[in-house]
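User: I am new to reading structures like this one. Could you walk me through a few features, with the general idea ahead of each case?

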Amino acid sequence: MIKLKKNSIKFKSFVLSLVMGLLLVLLLLVFRALYGDEPEKLQEVEPVEEKEVKVVEFAGIKIDITRQDLFERYDRERIAYCYSHTSSTLILKRSERYFPVIEPILKKYGIHDDFKYMAVVESALDPRAVSPVKAAGLWQFMEGTGRQYGLEINDEVDERFHVEKSTEAFCRYMKAAYKYFDDWFMASASYNVGIGRLERMSKEQQINNFFDLYLNQETSRYVFRMLVVKEFFSNPEAFGFNVKNMAKYPKMENIKTVVVDTTVNCWTEFAAQYNCTYAQLKEANFWIKGQMLTNEENKTYIVKIPEEGFLKEE
């Protein structure tokens, strides 16, 4: 009886193997009929162009990274941007929309143009981004810090999501931090870890140079990410990205502005007055929260109205 069961199991295994083999042959025949004998090779992401990097430049400042620990920190971020294909592609696409907004504001405040790359490090150029610790917007302000640097944040308005106003708040922070540290890289690191905490670590280690400080991993990597992002945008092809064939997201077009200095009882009805939907209104004004604006103090708000959809048709 036992022998019969064993034979039955062996027979079933043989039949199953035979069926699987026939299915594989059938799939191969179908594949060849559709695509020919030689399947097309998948496009591979080229590795980071290997070259000896000794000096990098940011905000007009040259940084010597020949010291092995500095080179390895820099190299780690280069590799990350090369092989994080989805996020790296998205920041290249978004740059066409948001860099032209950020650049003139940096210039207005006397901040070097290279600091636009900090928005890439902070939010991957996504003005709707919210971190696990509730930092929000293009520049990832926490509520308290946002208010400290002039942003309105409440149940109806959150200007951390306002691209222009949050960029101005970022500039005010950086000017204050630079005044405190007298060093742009220390100011940049403080944006990640806070002025007070960075000052404390600097005093404990008796070092006022970012590149010689022992810091937590996130802050230690922060400035190097910033340096690599500049390299990435300067030469994306070296990271394996073909920008010429990439359809970047266009600038905001067909947008007009409306001054609002009274209560808005319903944003949906407000949008309908201008022949757009609430969703389109929100896409043009990420800072709007909920469905109404009480505005008891009659503050002035500039509301963007998409006249023919959110973006101009190409």
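Analyst: Happy to. Let us begin with burial: a residue is buried under 20% relative accessible area, exposed over 50% and partly exposed in between, using a 1.4 Å probe and protein chains only. Phe224, with a relative accessible area of 0%, is buried. This is a predicted model, where local features need pLDDT of at least 70, side-chain atom pairs count only at pLDDT 80 or more, and totals for chains, interfaces and linings use all residues. Residues are numbered from 1 along each chain as its sequence is written, and side-chain values use heavy atoms, leaving out hydrogens and water.

User: How many aromatic pairs does the structure hold?

Analyst: Rings of Phe, Tyr and Trp (its six-membered ring) pair if their centres lie within 6.5 Å; planes under 30 degrees apart are stacked, over 60 edge-to-face, and the rest tilted. The structure holds 25 aromatic pairs.

User: Is helix H7 mostly covered or exposed?

Analyst: Mostly covered: nine of the 10 residues in H7 (residues 184-193) are buried. Among those buried are Trp184 and Phe185, which also belong to one aromatic cluster including Phe211 and Phe224.

Definitions and conventions: Helices (H or I, at least four residues) and strands (E, at least two) are DSSP runs, numbered from the N terminus.
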